[in-house]
Amino acid sequence: MTVTYTARVANARFCGFSKLLLAWKGSIYKVLYKEFLAFFAMYTAISITYRFFLVDYQKRYFEKLSIYCNHYASLIPMSFVLGFYVTLIVNRWWNQYTSIPLPDRIMCILSGGVQGGDEHGRLLRRTLMRYASLSALLILRSVSTAVFKRFPTMDHVVEAGFMTREERKKFESLHSPYNKYWIPCVWFTNLAAVARCEGRVKDDNTYKLLLEELNDFRGKCSMLFHYDMISIPLVYTQVVTLAVYTFFLVCLIGRQFLDPAQGYPGHDLDLYVPVFTLLQFFFYAGWLKVAEQLINPFGEDDDDFETNWLIDRNFQVSMMAVDEMYGDLPMMERDRYWNDSNPRPPYTAATLFVLRKPSFQGSTFDMAIPKEEMHFQPLEEIAENLEESAKRNHNLALFNRLLGSAPSPTGFMGGALRRTSAQLQRLTRSVSPDPSFSDAEDEEEKSLGRSAGTAGSMPSGLGLDATQSTICSCGGLISTCPPLSDVEFHKQGERDGIAEEKDGKMMEKESHVPKIPPPTAQVSTGRRSPLALGQVKSHFCSSNENRSVPDFFQPISDAEKVMTLKQQPTNSKAEAVCLLTVPSLEVSTFPENSERKQMLADSQWLASNGQVQCHCAVLGSEVTGSGSKVKE
């Protein structure tokens, strides 16, 4: 029977396990003493041979061999191999025990679910329970040597009362090359169906619950069968066994005490008995013996499962539950604490100290908090702190996003083009006739342009080959413009020549679109706008004929409302600069103080006349136009 010592270690005390060291049954001494004596005898024989039977040159050779073996014996990973193997064996050992089928749940359902106090009802309950016990007996007989010795043939099973002779004939008439432990489970289901048809099982829920418990019982029987069939891989067991035995065979030579007169390192003493080598053998070989004993717990070792005891217990308890205890209830009466709302069972003198302990209320029940930290804070301050934290985190996320974008030549060129385009748009704003366009929409367009501009670099050579489209504030597509690579900057001196000539030709081609006159100088006011960085050479491409044109794209009759570009200095370069070379383009500095005043006066004049300025934001390969009123 399994060695039980739980009560002896119920309380921790000084040298509590020391009493267990003197036990013999199930101990390591009983399992290992033969191997231990054999190892010590071989060590002694080699030591005697070295000391008394070898000549000098043979001793020198043996001493070199001993040093060599002792040096390389440590390369065998004993702790790792044995530790992992024993852990696997112990987990498997406990899982096999939890897979032993127990009839307790089935017997409770049979006692309460299969009705009938007559002989037929009693026969149904006992037969169903016997079928379940027979299935468990057949599987235990297949995996346990102790059970097989008790029931070596089916005749012994019939004589023990688990099977009738008629059932045995039926069992043997079913030919199958596999284990037939599952046949009683099928008999159980068939008989349960008969009981349901006869009304002994009142409803389908009880019938379903009965079959579910049977399937769980049969599943445990199947697990035992598979544990017996699928063992720990043989190669693993062989590796562990060879590692242990080889290590200690090498230690028989490598751990010998050599002649101290030879002056070998580590051999200054001659103790004759290798105490620590014997302890090492005791621990490692004992570890291997533990795995050897637990690898199959259905044997007859001291710590193997008591399967015969389990068979006796399960059969007796299950039959009593479904037969003698069916409908057997004690008389109901009021308990001792019927009128007591706080029942307190009594304590003996040996357990009276439990009352002195306070009831556990929680780990934070006795926590102390300073009074100044107990006051609630106003919700307004909390909301402000949350807003500041959210804003800080948002800015940090944007900053990390900018840092995470990998710099590239295309990205740098695209950024330079976008910055230059934005500067030109701010300095050369055109007039928009839509007075309803608000400042909020203008800010939205700016943020949209920034997000689109920083989304990534332009493909296909900075995206200069892509055709751009102009979209007005009302959503209509006006016309398509040539690629940015065709847009060039020219000197102010060429504006009246080349730029106006090409603009005129392009405007003549689009006869169906109202002509937009080129910017002219402000002669009537006597003031010149300082908004100039250069002349933009614009190319207007033809659009589809069926495309609608908004009404506000009409020629401007008042020449004073048109902003013109400022003349460049005479010493500026004469050649045109392509937009591809924008990163190296020298942009003129911000106007001086006098010119700034002139710009402010222009903006105030525009606002007084009810005009609005146009703002363009480049989105990818499109130019989106949006208007907003000029704010002072």
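The dialogue below goes through salt bridges and their surroundings.

Q: How many salt bridges are found in the whole structure?
A: First, note that this is a predicted model. A search of the whole structure gives 18 salt bridges.

Q: Which parts of the chain does the pair Arg122 and Asp323 link?
A: Start with the contact. The side chains of Arg122 and Asp323 form a salt bridge, 2.8 Å from N to O. Arg122 belongs to helix α5 (residues 119-143) and Asp323 to helix α13 (residues 307-324). The two are 201 residues apart, so the pair links distant parts of the chain.

Q: Is Asp323 buried or exposed?
A: Buried means under 20% relative accessible area. Asp323 has 13%, so it is buried.

Q: What does the salt bridge between Arg130 and Glu167 tie together?
A: These side chains meet at 2.8 Å, N to O. Arg130 lies in helix α5 and Glu167 in helix α8 (residues 165-173), so parts 37 residues apart in sequence are tied together. Both Arg130 and Glu167 are buried.

Q: Is Asp204 buried or exposed?
A: The cut-off for exposed is over 50%. Asp204 has a relative accessible area of 51%, so it is exposed. Asp204 forms a salt bridge with Arg196, with the closest N and O atoms 2.9 Å apart. Arg196, at 24%, counts as partly exposed.

Q: Which residues do salt bridges with shared partners join into one network?
A: Glu35, Lys289 and Glu292.

Terms used: Residues are numbered from 1 along each chain as its sequence is written. This is a predicted model: local features need pLDDT of at least 70, side-chain atom pairs count only at pLDDT 80 or more; totals for chains, interfaces and linings use all residues. Side-chain values use heavy atoms; hydrogens and water are left out. A salt bridge is a side-chain nitrogen of Lys or Arg within 4 Å of a carboxyl oxygen of Asp or Glu. Helices (H or I, at least four residues) and strands (E, at least two) are DSSP runs, numbered from the N terminus. Buried means under 20% relative accessible area, exposed over 50%, partly exposed in between (1.4 Å probe, protein chains only).
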